Amino acid sequence: MSHTSSQPRKERPDTRGPVERLARYGVPREILDRLALYLREADDRELYQINPRHIAARLGVDTHTVLGVMAYAVQEGLFDLNWEVHCPHCGGQARTFFTLRDGRGAEVCPFCQNGFDVHLDHEIHVVWERTSARVSA
Ligand SMILES: [Zn+2]
């Protein structure tokens with residue numbers, strides 16, 4: 001058989017280091033291992049827009065915990081944090097911005113042309129993107 005059978009680990013070396021650094025923030029080992037596994041196994045499309053519920057399910061933790069872990073992951077350059085405004089009329093993604101400071105109190109949907117007030121807990125969704133820049137281990 002192949003000589004590769006003795007090496008079942010096929011880690012992407014570019015995520016291991018940053019994931020390991022999250023231990024400094026007190027992120028439990030179990031969650032680090034799941035995050036590392038997730039980053040290895042998820043395809044690029046899955047890592048393009050990650051919502052809190054999705055990654056919470058993948059890591060087996062609640063969304064509150066995941067927000068904390070992901071805040072550290074953003075700090076370590078593993079993910080970029082984006083905020084999206086969704087139209088309450090048609091569900092379209094009316095706007096994406098990168099800090100809450102860029103957010104507005106009201107938007108006009110580019111899809112259905114309805115105006116709406118933006119509420120932090122309803123129309124604004126937080127998503128993460130795997131950083132496109134290669135991070136060194
Ligand atoms: Zn709309």
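**Helix H4 and its sheet**

Tutor: Gladly! The cover over the buried residues of H4 includes helix H2 (29-41), helix H3 (52-59), S1 and S5, where contact means C-beta atoms, placed from the backbone, within 7 Å. Helices (H or I, at least four residues) and strands (E, at least two) are DSSP runs, numbered from the N terminus. This is a predicted model: local features need pLDDT of at least 70, side-chain atom pairs count only at pLDDT 80 or more, and totals for chains, interfaces and linings use all residues. Residues are numbered from 1 along each chain as its sequence is written.

Student: Which residues of H4 are called buried?

Tutor: Val66, Val69, Met70 and Ala73. Buried means 20 or more other C-beta atoms within 10 Å of a residue's own, exposed 12 or fewer, and partly exposed in between, with C-beta atoms placed from the backbone. On the other side of H4, His64 and Ala71 count as exposed.

Student: How do you know that the span of H4 agrees with its 13 residues?

Tutor: The expected span is 1.5 Å times one less than the number of residues. That gives 18 Å for H4, and its end C-alpha atoms are 18 Å apart, so the two agree.

Technical notes
Contact = placed C-beta atoms within 7 Å.
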